[in-house]
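Please open the model in your viewer and keep the selection panel at hand. The tour goes from one selection to the next and says what to look for at each stop.

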Amino acid sequence: MENIRTVAGICRSNGIPFFLDACRFAENAYFIKKRERGYADVPMKTIVREMFSYADGATMSAKKDALVNMGGFLALNDDVLAMRARNLLIITEGFPTYGGLAGRDLEAIAQGLEEVLDENYLHYRLRSVEYLGERLVAAGVPILRPPGGHAIYLNARKFLPHVLPQEFPGQSLVVELYRTGGIRSVEIGSVMFGRNDSRGVFVPSRMELVRLAIPRRVYTQSHIDYVIEVVLEVFGRRESMKGYRIVEEPPMLRHFTAKFAPLG
Ligand SMILES: Cc1ncc(COP(=O)(O)O)c(C=O)c1O
């Protein structure tokens, strides 16, 4: 909360509107309750209301903390801006009362926003991610610490120190997790953020990460144990793993659609 308050203050004093990417609002609110002094006994709804009170608006991907399969929304305090957004919505997506979604989906979002603040749900959610992190750390697997609420980030640079950034260590790990155990993860490293500068020199991403995002309300502990087993199996033979090269990429946002080939 202190972080939100500080950033909101900086934005306000510089005349910049402050928007929350609110899609993990409930997980973050629960971290505030668990970790931040003075919030242990504050009800979840009160914490969430305080978070949003500092913002001028929010974007929400409802697939996350609204617990639904699809949809989202834009929230704005500025009525004039809201009117312009609403008019744009009508000509692009659909009428405001159904927000470009089926009415059923809007009702599911409303229900999800209620259910997501259940502390038993949030405890199970954050604890299962933390458990995955603990077990990987205990086995020496390099991850970002402390674990967040929705994912474990493997540190591919440390996992595969022999694979150069321009050989995409994160991508190599993503492929191996899928081939070994059918685990789908995502590279957040030099495939996503690396680039060639004006002289054609490769500039790597600051970090080479692999995100294991955990779907909510899907996995039991035995699923998480399976993920641990697969990561450890791959970790055991990391020295034999090789990098990848890009064989096809679009001009923008290559991480979504690029094609790769293994290096020999
Ligand atoms: C914080 C955050 N914002 C936005 C998104 C993207 O949401 P969408 O796929 O609905 O665009 C994600 C996806 O994981 C996310 O974690």
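Select Lys63 together with the ligand: a polar side-chain atom of this lysine lies 3.2 Å from an oxygen atom of the ligand, a polar contact in the sense of a pair of N or O atoms within 3.5 Å. This is a predicted model, in which local features need pLDDT of at least 70 and side-chain atom pairs count only at pLDDT 80 or more, while totals for chains, interfaces and linings use all residues. Residues are numbered from 1 along each chain as its sequence is written, and side-chain values use heavy atoms, with hydrogens and water left out.

To complete the surroundings of the ligand, show Asp21, Cys23, Arg24, Ser61, Lys63, Lys64 and Arg211, where a residue counts as near if one of its heavy atoms lies within 4 Å.

Next, select helix α6 (residues 119–138) and helix α10 (residues 221–236), which pack at about 25° with their axes 10 Å apart. The angle makes α6 roughly parallel to α10, a term for angles under 35 degrees, and their crossing is right-handed. On the α6 side, display Tyr124, Ser128, Tyr131, Leu132, Arg135 and Leu136, which meet residues of α10 including Ile224, Val227 and Val231; contact here means heavy atoms within 4.5 Å. By class, this contact has nine nonpolar, two polar and two charged residues.

Keep α10 displayed and bring in helix α8 (residues 169–181), which packs against α10 at an angle of about 120°, with the axes 10 Å apart. The crossing of α8 with α10 is right-handed. Leu173, Glu176, Leu177, Thr180 and Gly181 in α8 meet Tyr226, Val230, Val231, Glu233 and Val234 in α10, and the residues of this contact divide into six nonpolar, two polar and two charged.

Two loops remain. In the loop between α7 (156–159) and α8, select Phe168, where phi is near 55°, a positive value in a residue other than glycine. Finally, go to Pro146 in the loop between α6 and β4 (151–155): the peptide bond joining Arg145 and Pro146 is cis, with omega about -5°.

Key
Axes are lines fitted to C-alpha atoms, for helices over the stretch in contact, and angles run from 0 to 180 degrees between N-to-C directions. Helices (H or I, at least four residues) and strands (E, at least two) are DSSP runs, numbered from the N terminus. Angles under 35 degrees count as roughly parallel, over 145 as roughly antiparallel, 65 to 115 as roughly perpendicular and the rest as oblique. A crossing is left-handed if the near helix is turned anticlockwise from the far one by less than a right angle, and right-handed if clockwise. Ala, Val, Leu, Ile, Met, Phe, Trp, Tyr, Cys and Pro count as nonpolar, Asp, Glu, Lys and Arg as charged, and the others, Gly among them, as polar. A polar contact is a pair of N or O atoms within 3.5 Å; within protein, one must be able to donate a hydrogen and the other to accept it, and residues adjacent in sequence count only if both atoms are side-chain atoms.
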